[in-house]
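Reader: I have a model open and want to read its features one at a time. Where shall we begin?

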Amino acid sequence: MGGVGEAGGGPGPREGPAQLGAPLPTFRWEQIRSHNLPGDKWLVIERRVYDISRWAQRHPGGSRLIGHHGAEDATDAFRAFHQDLDFVRKFLQPLLIGELAPEEPSQDGPQNAQLIEDFRALRQAAEEMKLFEAKPTFFAFLLGHILAMEVLSWLIVYLLGPGWVPSTLAALILAVSQAQSWCLQHDLGHTSVFRKSRWNHLAQQFVMGQLKGFSAHWWNFRHFQHHAKPNIFHKDPDVTVAPIFLLGESSIEYGKKKRRYLPYNHQHLYFFLIGPPLLTLVNFEVENLAYMLVCLQWAVSGGPAQVPRGIQWWWREVGLQGAALSTNANRCARVHVMVWYTCDLLWAASFYFRFFLSYIPFYGVPGAAILYVVLAATCNVEPSLFLDWFSGHLNFQIEHHLFPTMPRHNYRRVAPLVKALCAKHGLSYEVKPLLTALVDIVG
């Protein structure tokens, strides 16, 4: 019998693929735990140990995303992020270096084995109920009503003239269209619309690039990290909004002790005043452009694919307005600028209104089961037809984070199953009214 870290009595390999047909070396968690360095990362999937040290940079979702699971069991994240598991397992085979010792638990640290088993059974039940299958008519309607609002807004200005009333109405309609475009590209980024990932990515590039003017690759880079470690400081970029705002319990402490830059214990008083224009219109667009420029130097990150979207963004935000003002400084040109930036401001307000519905940042526990992390980090907001539409069904934060590739129109159907699982294990499944959720997070 070979010992831990050995196969057949010989020493097991530290890195490199396991030999085909040979007994797999076995490892203990205490051995795996030490391999969580930038150039030395192991992870566990379905009790098998993989050395991703050299391959992480080639990971389609980025090295940070997969690196956040270093020295952890990534089984549930692996299943949550990938549609075709058999296809992805082909890429894992060359990275296989061993398996967990038989006496080792499937996850490091104290875990509720029954809860993990029940959660995986719930996911299997959802698959059997076909809750991971999208309704083409649902998403066709979403795209159709977005395009209809885009056309309607410009027809209003064209037919009624560039007055303040039609221009304001056009800006409001465009803001709604932009908000819904963001929700649709979010669905496509999670590959929850089409069965083939490539079709989702192509459609996302159209919605994000042509309707929004942002880089789809940039958004995926940020957002997948959020789903890997939802709302965990230092790992989730969505809750890293310092130095203007601080999220979580540290905000009150920092404000009272006058640490950092601003009175963070009073940030709820100024958040809605400067938050949307500063964080969205400035931070997002500057970060997006910077990311695209950096990607031009790295073909593995998307490279030239970012150029058309970058040009489109620059044309919309700078070139078109500047050309209009310099060549024909009339009222129509000024209205054009006013409509776009009013639209952007309104969209930014709606984005952060939805963003902070149910975000509860916290310092996560490495290796925690996905259900513990999601329930500790977020909550749901009471559903309604309007809020479901307005938020892109992201008021179902718990279900979305547990099943990120599930089409959003099925969240209502899976929610009772999740709630029953939480009740069985004595876990808090929190659903708040809209205003309560906003006050709890910002206040």
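Author: Begin with a residue pair: Arg48 stands opposite Glu99 in β7. This is a predicted model, where local features need pLDDT of at least 70 and side-chain atom pairs count only at pLDDT 80 or more, while totals for chains, interfaces and linings use all residues. Residues are numbered from 1 along each chain as its sequence is written, and side-chain values use heavy atoms, with hydrogens and water left out.

Reader: How do I read strand pairing, and in which sense do β6 and β7 pair?

Author: Strands (E, at least two residues) and helices (H or I, at least four) are DSSP runs, numbered from the N terminus. Two strands pair if DSSP finds at least two bridges between them. Here β6 (residues 48-51) and β7 (residues 96-100) are antiparallel, over 3 bridges.

Reader: What is the strand order in the open sheet?

Author: The 5 strands run β3-β7-β6-β5-β4, with mixed pairing. β3 (26-27) and β4 (36-37) are at the edges; each has a single partner strand, so one side of each lacks a neighbour in the sheet.

Reader: What joins β4 to β5?

Author: A hairpin, through 2 residues. The two strands run antiparallel, with 2 bridges. Leu37 has Asp40 in β5 as its bridge partner. β5 and β6 also form a hairpin, again with 2 residues between them, and Glu46 in that turn has a positive phi of about 55°. Val44 has Val49 in β6 as its bridge partner.

Reader: Is β5 buried or exposed?

Author: Buried means under 20% relative accessible area, exposed over 50%, partly exposed in between (1.4 Å probe, protein chains only). In β5 (residues 40-45), 6 of the 6 residues are buried, so the strand is largely enclosed by the rest of the structure. Asp40, Trp42 and Val44 cover one side, and Lys41, Leu43 and Ile45 the other.

Reader: How do I read a core?

Author: In soluble globular proteins, nonpolar side chains tend to be buried together. A nonpolar core is a set of buried Ala, Val, Leu, Ile, Met, Phe, Trp, Tyr and Cys residues joined through side-chain atoms within 4.5 Å. The largest one here has 17 residues; Leu122, Phe403 and Met406 are among those with the most contacts inside it. α17 (411-424) is one of the helices that each supply at least two residues. α17 gives the most, with 6 residues. Apart from this core lies another, of 14 residues, including Trp55 and Leu95.
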